[in-house]
Amino acid sequence: MTKTIKAPADPHILPVRVYYEDTDAHGIVYHANYLKFAERGRTEYLRATGFDHHEIKEKYNLLLVIRHIEIDYLAPARLDDMIELCTKVLSRGRTSIVMEQVFTRDGKTIAKMKVTVVGVTPEGKPLLLPPVLREGFQETRS
């Protein structure tokens with residue numbers, strides 16, 4: 001049976017509520033928590049394509065791991081804020097996918113990241129991304 005790919009034509013949007021556990025002593029989102037939110041956004045993007053991490057590991061012996069992240073913090077998010085995380089693919093190659101993730105609150109960008117994801121075996125050896133998986137990570141049309 002052939003896998004049906006549901007490549008998002010538009011960026012994936014994940015609403016995120018800021019909880020007390022997400023904040024630091026000053027009541028703003030602790031910088032490392034943006035990485036947690038971003039991981040959720042990439043996971044939900046993957047689910048929107050019709051895949052999940054467990055299936056990819058079982059079927060392709062592949063783990064998707066982060067090779068590189070750049071992040072700019074532009075404004076703070078605070079307790080009880082509702083923020084949106086927009087995840088989209090900038091480019092894809094045979095071994096990597098570059099994604100952009102933008103955090104907004106009330107339409108204003110508060111943080112922006114560029115993430116390079118690569119495929120490895122469970123033992124940590126580099127692995128080409130299967131073509132069917134690459135199809136799910138389409139560059140977002142502008």
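**Sheet pairing and the helix across the sheet**

In the predicted model, the bridge partner of Ser 96 in β5 is Val 118, strands being DSSP runs of E with at least two residues and helices runs of H or I with at least four, both numbered from the N terminus. Strand β4 (residues 96-105) and strand β5 (residues 108-120) run antiparallel and are joined by ten bridges, where two strands count as paired if DSSP finds at least two bridges between them. Residues are numbered from 1 along each chain as its sequence is written. Local features need pLDDT of at least 70 and side-chain atom pairs pLDDT 80 or more, whereas totals for chains, interfaces and linings use all residues, and side-chain values use heavy atoms, without hydrogens and water.

The open sheet comprises five strands in the order β1-β3-β4-β5-β2, with antiparallel pairing. Because β1 and β2 (63-73) stand at the edges with a single partner strand each, one side of each has no neighbour in the sheet.

Helix α1 (residues 33-48) lies across β1, β2, β3 (82-92), β4 and β5, and runs at about 140° to β1, the axes being lines fitted to C-alpha atoms, for helices over the stretch in contact, with angles from 0 to 180 degrees between N-to-C directions. Among the buried residues of α1 are Tyr 34, Phe 37, Gly 41 and Tyr 45, buried meaning under 20% relative accessible area with a 1.4 Å probe and protein chains only.

His 12 is placed in strand β1 (residues 12-17) and counts as buried because its relative accessibility is 17%. Beyond its neighbours within four places in sequence, His 12 is in contact with residues including Gly 41, Glu 44, Tyr 45 and Ala 48, contact meaning heavy atoms within 4.5 Å.

Methods:
Buried means under 20% relative accessible area, exposed over 50%, partly exposed in between (1.4 Å probe, protein chains only).
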